[in-house]
Amino acid sequence: MSATHMPGATKFDEWLLENTWRRKDFGAVPAGSGLKPIPGDSGLPLLGHSLEALRLGLDFGLKRYETYGPVSWMKAFGINLVGIAGGDAIQVVLTNKDKAFSQQGWTYFIGPFFKRGLMLLDFEEHMFHRRLMQQAFTRPRIMGYLEHVAEEAARGVDAWQPGTFHVYPAMKQLTLDIAGSVFMASELGAEKDALNKAFVATVRAGTSLVRYAVPGSRWNAGLQGRKVLEDFFRRNVPAKRASDSNDLFAGLCHARDDDGEAFTDDDVVSHMIFLMMAAHDTSTITTTAAAYFLGKDRDWQDRARKECFAAGPGPLDIDALEGLRDLELVIKESLRLVAPVPTMARKTVKDTEVLGHYIPADTMIGLGPWVNHMLPDYWTNPDDFDPDRFGEERREDKSHRYAWMPFGGGAHKCIGMHFGMLEVKTLLHRMLTTYEWSVPQDYRVRWDSTSLPAPSDGLPVALKRL
Ligand code: HEM
């Protein structure tokens, strides 16, 4: 197998991918259990498979699946990691019947910066927090957030300059502005730039290669960023509790469950910091990926634009946004071809098994949704951009419950899924009714996999005002 999804792969990358490593089973299976060991290998001395995982992303995941099947192990990032892909295997983990799979896998990577965020909580405590947080994602509350999104989207998109235009950095700035407005409508004021800086440092730290506090390191900047954010939110909680504004910060402050329980001030602070991260890069990547595919496929761009003009100039309300069916097909297909969260981390808290493979307690797990999105068992011509595959006549996403899973699944399925889709639709609606754009037919974007997928060249397009 070669690096078909990674333009610009070097000869060394190709060698790493094509090399056959010495196969070794992972740990000993308890005698008499009837279970199988996990196949895999340890890769290069010291580095293990870190390089391929970081440089080749999807191609590496597909190679592991092809070589070892749905459950395999490797060394990477200084640890032993069990990779799980394919619908059936991922379903076992996300259903989590015996509560063996915990979120502590995420804690290893982003814990110091996003501690006590919803995704890092487990089991009963997680359920309690999730139920409360749902109160901030009701339809009326989402309608309020969308007003902020539409306002920022119009302001930001209209200011873009035609010509050669780099979509990714512009979109990243715009979704950051949107997050500022949706999350805390009025508090930012003079602190806006300092907070944006702190937030960006906190997010970047999660992918730092140096994983301890050395002066000048990304890790250190992330810890300092977290402090700035904590201080800001903590200072503003009392005023927010007393306000009735329609932003997410107020939503968390006012959330009550059926027994009248509420979040503590510390909870609100931690949830705000995590939510900003969860909402920001994911919507940037989704919108950028859709812009890329539409820039290549002008027929789909025209089709989506026609629908957007028919819906009106905006701001569109929630019903109008939900009615943008063609655009929804485009976004779903973009989320399939570029999964914004390509790997999901877990850690076993007890001995367990997946499809008959024994997994001991304290094992780090990486789930591979992006691999599922590309398996020919579920999708016809998986490499093609073909939004109609999600249309009513075909519904290829129903080929397996976990064939399409950009928002995860099970107890931790994305709580911002509905709002996130509507935000992306608002952005694309504004883009499609303001500009047309294209990329050369032979251009292929390289999705850098060192963190969440991002176009390594920023995605240059030829942008023309309509
Ligand atoms: C369009 C883009 C988005 C994508 C692709 C996405 C993807 C995901 C995925 C895959 C997970 C599950 C992680 C896991 O199980 O390990 C998740 C969880 C989560 N997402 Fe999103 N997300 C998006 C937008 C958002 C937005 C806009 C928000 C909030 C405003 C949000 C908030 C969250 C939260 C709080 C969790 C943790 C849920 C829990 O643990 O119960 N996400 N997201």
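**Sheets, helices and loops in a predicted model**

Helix 14 (residues 325–337) has 13 residues, and the distance from its first C-alpha to its last is 19 Å, close to the 18 Å expected at 1.5 Å a residue. The expected span of a helix is taken as 1.5 Å times one less than its number of residues. Helices (H or I, at least four residues) and strands (E, at least two) are DSSP runs, numbered from the N terminus. The structure is a predicted model, in which local features need pLDDT of at least 70 and side-chain atom pairs count only at pLDDT 80 or more, while totals for chains, interfaces and linings use all residues. Residues are numbered from 1 along each chain as its sequence is written.

Helix 11 is itself mostly covered, with 26 of its 32 residues buried. At 1.5 Å a residue helix 11 should span 46 Å, and its end C-alpha atoms are 47 Å apart, which agrees.

Helix 12 (residues 298–311) packs on helix 16 (residues 417–434) at an angle of about 100°, and their axes are 9 Å apart. Axes are lines fitted to C-alpha atoms, for helices over the stretch in contact, and angles run from 0 to 180 degrees between N-to-C directions. Helix 12 is therefore roughly perpendicular to helix 16, a label that covers angles of 65 to 115 degrees, whereas those under 35 count as roughly parallel, those over 145 as roughly antiparallel and the rest as oblique. On the helix 12 side the contact involves A304, R305, C308 and F309, which meet H429, L432 and T433 of helix 16. By class, this contact has 4 nonpolar, 2 polar and 1 charged residues. In this scheme Ala, Val, Leu, Ile, Met, Phe, Trp, Tyr, Cys and Pro count as nonpolar, Asp, Glu, Lys and Arg as charged, and the others, Gly among them, as polar.

Turning to the strands, 6 of them form an open sheet with mixed pairing, in the order 1-2-3-9-6-4. Strand 1 (40–41) and strand 4 (101–102) stand at the edges, each with a single partner strand, so one side of each is left without a neighbour in the sheet. Two strands pair if DSSP finds at least two bridges between them. Strand 4 pairs with strand 6 (residues 344–348) in the antiparallel sense over 2 bridges: F101 stands opposite T348, and the bridge partner of S102 is K347. Strand 6 also pairs with strand 9 (residues 364–367), again in the antiparallel sense, over 4 bridges, and A345 has G366 as its bridge partner in strand 9.

In a regular strand the side chains alternate between the two faces of the sheet. In strand 6, M344, R346 and T348 on one side and A345 and K347 on the other are all buried, covering both faces. Because 5 of the 5 residues of strand 6 are buried, this strand is largely enclosed by the rest of the structure. Elsewhere on the sheet, helix 2 (residues 50–68) lies across strand 1, strand 2 (71–76) and strand 3 (79–84), running at about 155° to strand 2.

A further open sheet has 3 strands in the order 5-13-10, with antiparallel pairing. Its edge strands, strand 5 (163–166) and strand 10 (435–438), each pair on one side only. Strand 10 and strand 13 (residues 460–465) pair over 4 bridges, with E436 opposite K464. Helix 7 (residues 167–183) lies across strand 5 and strand 13 at about 55° to strand 5.

Some loops carry backbone features worth a look. A cis peptide bond, with omega about 0°, joins G314 and P315, and P315 lies in the loop between helix 12 and helix 13 (318–322). L46, which is not a glycine, has a positive phi of about 65° and sits in the loop between strand 1 and helix 2. L46 counts as exposed, with 9 C-beta neighbours inside 10 Å.

Technical notes
Two residues are in contact if their C-beta atoms, placed from the backbone, lie within 7 Å. A residue is buried if 20 or more other C-beta atoms lie within 10 Å of its own, exposed if 12 or fewer, and partly exposed in between; C-beta atoms are placed from the backbone.
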